[in-house]
Amino acid sequence: MSLTRILFIDDGELKSIIDKIKLNLRKEGFTVVETIIDLSQSEFQIKSDDDSDKQVLDFEKIKNTLRGYFDEPFDIIACDYHYANDDLDGSKILSWLKNISTTEKKRIRKAKFCLYSSEVDKVITKTTTVDEITKLIKIRLTDLYKREQLAEGLSKLVKDNKRVDLNKELISELEKYGDLKFKSVYPQFKGKTFSEIAKEIDSESHHGVLFSKNLIEISVAHFSDLNNE
Amino acid sequence: MSNPLQFKVSSALKNIIGSDLINDDFIAVFELVKNSYDAHATRVDVIFENIYSEKAKIIIKDNGKGMNYDDIVNKWLFVAYSAKREGTEEDSFDFREKIKVKRAYAGAKGIGRFSCDRLGSQLYLETIKDELNSKVEILATDWNKFDDNLKDEFININVLHETITESNYDLIHGTVLEISNLRSEWNRKKLLALKDALAKLINPNTRNEDDNFQIYLQVNSEKESDRREKDYHKIINGKIQNVIFETLNLKTTKIVSKIIVGEQNIIETSLFESGQLVYKIQEYSPFKTLVNVECEIYYLNRSAKNTFSRRMGLQPVEYGHIFVYKNGLRIFPYGERAEDPLKMDNRKAQGRTRYLGTREVIGYISILDPNPDLKETSSRGDGLIKNDNYFELYDWFYQNLKRVEKYIIDIVDWGNFLSPDDFINFNNSFVKGNSEIKDVNENFRKLIESLSNSKNLKSLEVAPNILQILDEKSGSSVQSALSNISEKIESDNYDKNEILKDLKETGKKLEKLKKAKDEAEEEAVEKLIENESITNELDTEKQKSSYLLATRRTLSPDADGLIHTIKINNIEIKDGIDVLLDLLDYEPIDVKDFKERLGYIRLNAERSLKMTEFVTRSDFNQDIEKRNVDIVQFVEEYFNINKENYNYNMEFEIFKNDSKLIKNISVLNLSIVLDNLISNSLKWNADKISLDFNKINDTDLSMLFSDNGDGLVKRLSNNSDSIFELGVRENAPNGFGGSGIGLYYSRQLLEKMGASIKFKGNNIKLSGASLEIIFKGI
C-alpha cells in the first residue's frame with residue numbers, strides 16, 4: 001500500500017472530508033495519514049492591536065507551528081482560504097510556506113500546494129490584482145477546490161500522482177536504512193550514513209545532485225550487465 | 001420442447017402512454033377534442049366546473065356518434081388499437097351518417113384517451129351510441145389504481161362499467177368525459193391561453209362549409225369577469241373562433257402553394273399582393289412522395305403587423321408563425337411562439353437582411369390524408385416524425401418561403417416605402433442602403449424571367465394588370481403628379497380646372513400619406529413607450545437573472561457568516577453520509593464506529609438547526625464560529641431568551657460573581673452544549689438549574705452547572721468520566737433514554753474552544769448533578 005501524507009490547515013471541521021478521502025484512497029491502495037493544524041484553537045489566537053476585545057489569528061504562531069513540519073515528507077498541503085473575517089487568508093500562509101521552505105531547501109517544499117474554500121467566488125474576487133495573481137503563481141498552486149468537492153479533488157490528486165519521483169523514492173529508501181554507512185563508489189560521501197546522504201540529496205546540494213546522477217548511471221550499467229548474462 | 005410464453009405488461013404502462021407522454025395540459029385537451037372531431041361531433045363543449053374549489057372538474061362533452069358496450073370493450077379499452085387506423089371505425093355507423101361529409105381522422109394511434117390521466121386522476125365516462133335502442137353506458141376509471149403497485153399487470157386493473165337508464169348529461173348521442181381530481185390548477189390567464197390555443201386547433205381553411213365543427217368553452221366561475229370585457233380575446237366563455245386568416249386577407253404579400261395529384265404531380269404556386277395575383281406558376285413536382293399538401297405564407301410588413309395587432313388585440317409574434325395541420329387539426333409545436341421546428345430563425349441569423357424569420361411571417365402547412373408517412377410523434381408535442389417524407393415537406397416549404405423572400409427583397413423592399421396604395425414600391429427605383437439602387441420594374445422583369453427559366457416549369461401566368469399598375473403607379477405617385485403639374489404650368493399650356501383637379505387629387509394622396517405616416521408614428525410612439533416599459537422590465541429581469549447568475553453578490557456580513565457556517569456543516573453531513581454508505585458496501589461495520597459517525601452527522605445537523613435560531617436573534621457581523629464574546633454575558637442572555645423553549649416550569653438562576661471572560665469561540669457550539677446539558681437535566685426530573693460563574697486565576701473561568709434532578713446514578717458516579725464516552729447512557733426516569741452521544745460531543749465541542757468539562761458530583765449546589773466547565777483564557 002502506498003502511503004500519502006496530507007497536511008491540512010483549517011479552522012473548521014474536516015472530519016468527514018478526511019474520512020472520505022481515506023476511504024476513497026484505501027480502495028485504490030493508498031493509505032492516507034493526515035496532519036491537521038486547527039486554527040480555531042486558542043494557541044493560534046492573539047488579541048487584536050486595536051484595543052477591542054477582538055481576537056485574531058496570530059500569523060507568527062502559525063509560522064512557528066509550520067516550521068516544526070519543515071522536514072516532513074508531506075505529499076499534499078491543503079489550506080483553507082477563508083478564516084472567518086480575519087485578514088489572514090490561506091494564500092498568505094501558503095505563500096510564506098513556499099517561499100521559506102524553498103529558500104531553506106526544506107523537504108516540505110516538494111509537496112503539492114492546494115487551496116480550498118467554501119466560498120470560492122470570494123477567493124476569486126479577492127485575487128484580481130496582479131500582485132495577488134503573481135503570488136498564487138509563485139506558490140505553484142496545484143489547484144483551488146470548492147470545499148464541497150475537496151474530498152473528491154484531493155483523492156483524485158493523489159491517484160493521479162502515481163508518477164514516481166525518483167529523488168523522493170531514493171531519499172525514502174536511504175532513510176529506511178539510515179544508520180548504514182556508505183563506503184564506496186562516490187568518495188565524497190564515504191563514511192556518511194545513509195540518512196546524511198538523504199539530507200544532501202533532499203537539500204539539492206552540489207554533491208547531493210551529483211550523487212543522484214551517479215547512482216542512476218551505476219544502476220543502468222548494472223542493468224546492462226544483467227542483460228548480457 | 002419449446003413452449004409459448006407471453007409478455008406481461010406492468011400497470012406502469014398507463015403513465016408511459018399517459019401523463020409521461022402527454023406532458024402538457026393543452027395538448028391533453030386537444031387530444032380529447034380531436035377524438036370528438038373524429039367521432040363526427042358537430043359540437044364539443046369544454047367545461048371547467050367549480051374550477052376554484054376542491055371539486056374542480058373538466059368536462060368534455062360532444063354530440064358525436066358515441067359508443068355502445070362493444071365499442072367500449074373493443075375500442076376504448078383496447079389500448080393502442082385504433083379503429084380509425086384500421087379503417088373499421090365507420091363500419092358500425094348508420095347509413096344516414098355515411099352520406100355526411102366524411103372527415104379524415106385527426107388521431108389514429110389509440111392512445112389519445114390517456115390524455116385524461118394527464119388532466120385528472122378520476123374519469124367518469126358516459127356515452128350513448130347513435131343507433132336504435134341505444135343504452136347509456138358508463139365507465140369509471142381511477143388512474144391512481146395503476147400507480148399502486150407496479151408489479152400489478154395492466155390488464156388486471158379494473159375499471160367499473162355500468163349501464164344506466166338515463167343520462168346525467170341529457171345526452172341524446174355522444175360522449176361525456178368528466179375528469180376530476182385535477183392534477184393542475186387552472187386560472188383565468190391559463191383559460192384564456194387555452195381558448196387561444198383551441199382557436200388555432202382547427203385550420204378553418206381546410207374545412208368545407210358543410211363540415212361544421214364548433215368548440216365551446218364554458219367556465220361559469222369566470223362569467224362575472226367576462227362581463228367586464230369587451231374584446232373577444234379577453235373573454236373566456238363562448239364559441240371559439242379562428243379569425244386569423246380572415247384578418248390577414250389584407251394588405252400583405254401572400255404565397256399559396258399546393259400539390260395537385262395527377263399522372264405527374266404538379267406544384268401550383270401563386271403569389272398575391274394585397275389580394276391581387278402577381279404571378280402563378282405550375283411546375284412538375286420533383287418530390288417523390290409529397291402529395292395532398294397545401295401551404296399559405298403571409299409576409300407581414302410593418303403596416304400589416306399594425307393592422308393585425310389592432311384587429312386581433314395582440315402582436316403577430318405573440319400569435320405564432322407557421323402552423324401545421326393534419327386533416328384539419330393542429331400538430332404541435334409548429335407555430336408555437338417559442339418554438340421554431342422549421343429552423344427559420346437559425347437561417348435568418350445567417351442573413352438578417354436576406355431571410356425571413358418567425359417574426360415576419362404567418363401561415364400554415366396543411367396535410368390531408370392519405371398521408372400515412374407524415375405523422376405525429378407519439379408525444380404529441382414534438383411535431384412530425386423526421387423521415388424522408390417529412391424532409392420533402394420541409395424542402396417544399398422552403399421553396400415557397402424563398403420565393404416570398406425574393407419578392408419581398410427585390411420588388412417591394414420589405415414594404416418599407418409607403419406608397420399611396422398597396423405598399424408596393426412603384427417608384428422606378430429605391431435606394432437600398434447607401435449605395436445600391438434597385439430598379440423595381442427591372443427587378444420584376446428579372447423575377448419573372450427567373451421563374452420562367454425554372455427547369456420543372458409547366459406554365460407561368462403573370463397578372464396583366466400588374467404591369468399596368470406599375471405604369472399607373474409611377475404616373476400617379478405624388479412626386480410625379482407634382483412634377484406633371486409643374487410642367488404643365490411652365491408650358492403655359494394648361495387648363496386651370498385640370499390643374500385644380502390634379503392638385504386636389506394630389507392633395508388627397510398627400511392626406512392618405514399623412515394619415516399613414518401619422519398612424520405609423522403613433523404606433524412607433526406606442527411601441528417606444530411599450531419598449532421602454534419592456535426595457536424596464538427587462539432590466540429588472542436582468543437584475544434578477546444577474547442575481548441568479550452572478551458568482552458572488554455582495555452580501556451583508558451577517559449573511560456571509562451564515563452561508564459560510566451552513567456550508568461547512570452540510571459538507572460534513574454530506575461527506576459523512578457518503579462515507580457511511582461506502583463503508584456499508586466496503587467492509588464490516590464496527591457498531592461503535594458507526595455510532596460515532598452518525599453522532600457526528602447529527603451534531604452537524606443540530607448546528608445547522610441552531611443557525612436558524614441565531615439568524616433571528618443574533619448580530620452576525622462576525623462569523624458565528626469565531627466570535628469574541630463575554631462568555632458570562634452570552635450564557636445569561638442565552639438562558640433568558642430560550643428558557644421558554646425548554647420547560648414552562650423550569651427555573652433558572654445565574655450567579656455571575658463579577659466574572660467575565662472574553663474569548664473567541666463558536667457561539668453555535670456553545671449553544672449546543674448548553675442545550676444538551678439542559679436536556680439531560682430535564683430527563684432526570686430537574687425543574688431548577690443553577691449556573692455559578694467564578695474566575696480561576698487571572699485567565700480562566702469556571703462555570704458550575706447544577707440541577708435539582710435525580711443526579712447521576714450510582715453505577716456511573718464511581719467512574720463519572722465515563723459519561724463523556726460515546727454510547728454510555730442510562731434510562732432516564734421519564735422513560736426516554738438518551739442516545740449516548742450528547743455529552744460525548746459536548747466535551748469535544750468544548751475542547752475545541754479551549755474548555756473542559758467534568759462531573760463534579762451530586763448534591764453540590766442543588767440536589768441533583770453538578771458539572772463544571774472551565775474556559776481557558778489566553
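The model is predicted. The largest pocket has a volume of about 1,100 Å³. In chain B, strand E22 pairs with E20 in the parallel sense and with E23 in the antiparallel sense.

**Largest pocket**

- The lining of the largest pocket counts 34 residues.
- Nearest the pocket centre lie Phe74(A), Asp75(A), Asn161(A), Asp165(A) and Lys168(A).
- Two strands of chain A, E1 (2-10) and E6 (112-117), each give two or more residues to this lining.
- H7(A) supplies the largest share, with 5 residues.
- By residue class, the lining holds 17 charged, 10 nonpolar and 7 polar residues.

**Parallel pairing in chain B**

- Strand E20 of chain B spans residues 651-655, and strand E22 of chain B spans residues 688-696.
- The parallel pairing of these two strands runs over 5 bridges.
- Phe655(B) has Asp692(B) in E22(B) as its bridge partner.

- Strand E23 of chain B covers residues 700-707.
- E22(B) and E23(B) are joined over 8 bridges in the antiparallel sense.
- Lys695(B) is bridged to Leu701(B) in E23(B).
- E22(B) and E23(B) form a hairpin, with 3 residues between the strands.
- Asn697(B) sits in the turn and has a positive phi of about 45°.

Conventions: Residues numbered from 1 in each chain as written. Chains lettered and ligands numbered in written order. Predicted model: local features only at pLDDT ≥ 70, side-chain atom pairs only at ≥ 80, totals over all residues. Heavy atoms only, no water. 1 Å grid on protein atoms, 1.4 Å probe; cavity = no way out; pocket = protein on both sides within 12 Å on 5 of 7 lines; lining within 4 Å. Points joined across faces, edges and corners; volume = space filled by probe spheres on them. Helix = DSSP H or I, 4+ residues; strand = E, 2+ residues; numbered from the N terminus. Nonpolar A, V, L, I, M, F, W, Y, C, P; charged D, E, K, R; others polar. Pairing = 2+ DSSP bridges.
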